[in-house]
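Please examine the sequence and the structure before reading on.

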Amino acid sequence: MKRIIVSGANGFLGSIIIRKAIEEENLEVVAITSRPDKMKNTAKEFCQVIKTDEFIEGGFPFVCGDIFINCLFPTNADGYKMADGLEKVFKLMSAAKDYGVKAFINISSQSVYPSQRDLPAMEEDALSLETGYAVGKYCSEAFGEQIFSGLHYTSVRLASLLGTGYDQRIINRMVDQALVGKELMVVGGMQRFGFLDVRDAAEGILKMIMSNPKSWKQKYNLGRMESYTLIEVADCIVSQLKMYGIDAGYTVKEGMDARNSSMNINRFMKDFRWKPKIPLSKTIADIIESKINEAEKQTV
């Protein structure tokens, strides 16, 4: 029986990891969250829940775990909140080590790579910290490397996660516009995105959990080998909306955006015998269905 500890347990990724982990018979789950009251009842029944500040303060020697998965990351609303949040991440990691955690997975981001790369980013590529978010993710990686030096530690650089309820993503926003009858506006259109369904991301992390931490490399890219232009994304949204009897269209406006968030994920796929299962079309269909169902509930 492995005991895993998941911080950021109410977050977009953390909550899915916990939901999938409690379905595994040989995993015991401890959830770390700043809002225990927000944990879903189904999760509460099958895992121990500890408040983040209380975990940091100590006094829980019984939570010593085999693997800690850090999904906690601060808001980047402004520099002060980022700094305060990063201090909490550092304290959380330090507390995990003090508790005797044997291995640590830190959730990082593809944003640490150059945003206008020509080829899919590889783990050995030079970094380019172009945003406050990227700097914060880099800091979390550096914390982990320092705190867990000599122990089993890895940073997983995720592609842009997609899924229902994660409305900050451009795909969710485009679906919202289409559902209220607005024509989609695609500026540029050739910028290339590396996306990953959050359910695939959680499955990938579980593959790591089930493996031997002694074999982990210090950095992994986790995403899809495929990447998509914004025009391809718009085409997919329009196509999926037609399946629901909804006509939508888009206009392409000239733009100079040349971003590229694609990644090479060969290392992760080889080491953990994993590959993503959910295509972009299925993710978009699920987002559309979720929004339609929510709208119908509000009209009842």
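The model is predicted, so local features need pLDDT of at least 70 and side-chain atom pairs count only at pLDDT 80 or more, whereas totals for chains, interfaces and linings use all residues. Residues are numbered from 1 along each chain as its sequence is written, and side-chain values use heavy atoms, with hydrogens and water left out.

## Packed helices

Two packed helices are described by the angle between their axes and the distance between the axes. Helices (H or I, at least four residues) and strands (E, at least two) are DSSP runs, numbered from the N terminus. Axes are lines fitted to C-alpha atoms, for helices over the stretch in contact, and angles run from 0 to 180 degrees between N-to-C directions.

| Helix pair | Angle between axes | Distance between axes |
|---|---|---|
| H4 and H5 | about 20° | 10 Å |
| H1 and H7 | roughly 60° | within 9 Å |
| H8 and H10 | about 55° | 9 Å |

Angles under 35 degrees count as roughly parallel, over 145 as roughly antiparallel, 65 to 115 as roughly perpendicular and the rest as oblique. H4 is therefore roughly parallel to H5. H1 and H7 are oblique to each other, and H8 and H10 are likewise oblique.

A crossing is right-handed if the near helix is turned clockwise from the far one by less than a right angle, and left-handed if anticlockwise. H4 and H5 cross in the right-handed sense; the crossing of H1 and H7 is right-handed, and so is that of H8 and H10.

Which residues of H8 and H10 meet? Contact means heavy atoms within 4.5 Å. On the H8 side are Val233, Cys236, Ile237, Gln240 and Leu241, and they meet Leu280, Ser281, Ile284, Ala285 and Ile288 in H10. This contact has eight nonpolar, two polar and no charged residues. In these classes, Ala, Val, Leu, Ile, Met, Phe, Trp, Tyr, Cys and Pro count as nonpolar, Asp, Glu, Lys and Arg as charged, and the others, Gly among them, as polar.

Between H1 and H7, the H1 residues include Phe12, Leu13 and Arg19, while those of H7 include Val198, Arg199 and Glu203. The contact of H1 with H7 divides into 10 nonpolar, no polar and four charged residues.

## The largest pocket

On a 1 Å grid over the protein atoms alone, a cavity is a set of points where a 1.4 Å probe fits but cannot get out, and a pocket is an open set with protein on both sides within 12 Å along at least five of seven lines; lining residues have an atom within 4 Å of a point. Grid points are joined across faces, edges and corners, and a volume is the space filled by probe spheres set on the points.

The largest pocket holds about 1,400 Å³ of space. It is lined by 48 residues, of which Tyr133, Lys137, Tyr166, Gln168 and Arg169 are the closest to its centre. Among the elements that each supply at least two lining residues are helix H4 (79-98), helix H5 (132-147) and strand E2 (27-33). The lining comprises 19 nonpolar, 21 polar and eight charged residues.

## The largest cavity

How many cavities of 30 Å³ or more does a search of the whole structure find? The search finds one. The largest cavity has a volume of about 40 Å³, and its lining includes Leu162, Arg224, Tyr228 and Ile278. Strand E10 (195-197) gives the most to this lining, with three residues. By class, the lining of the largest cavity has seven nonpolar, one polar and two charged residues.
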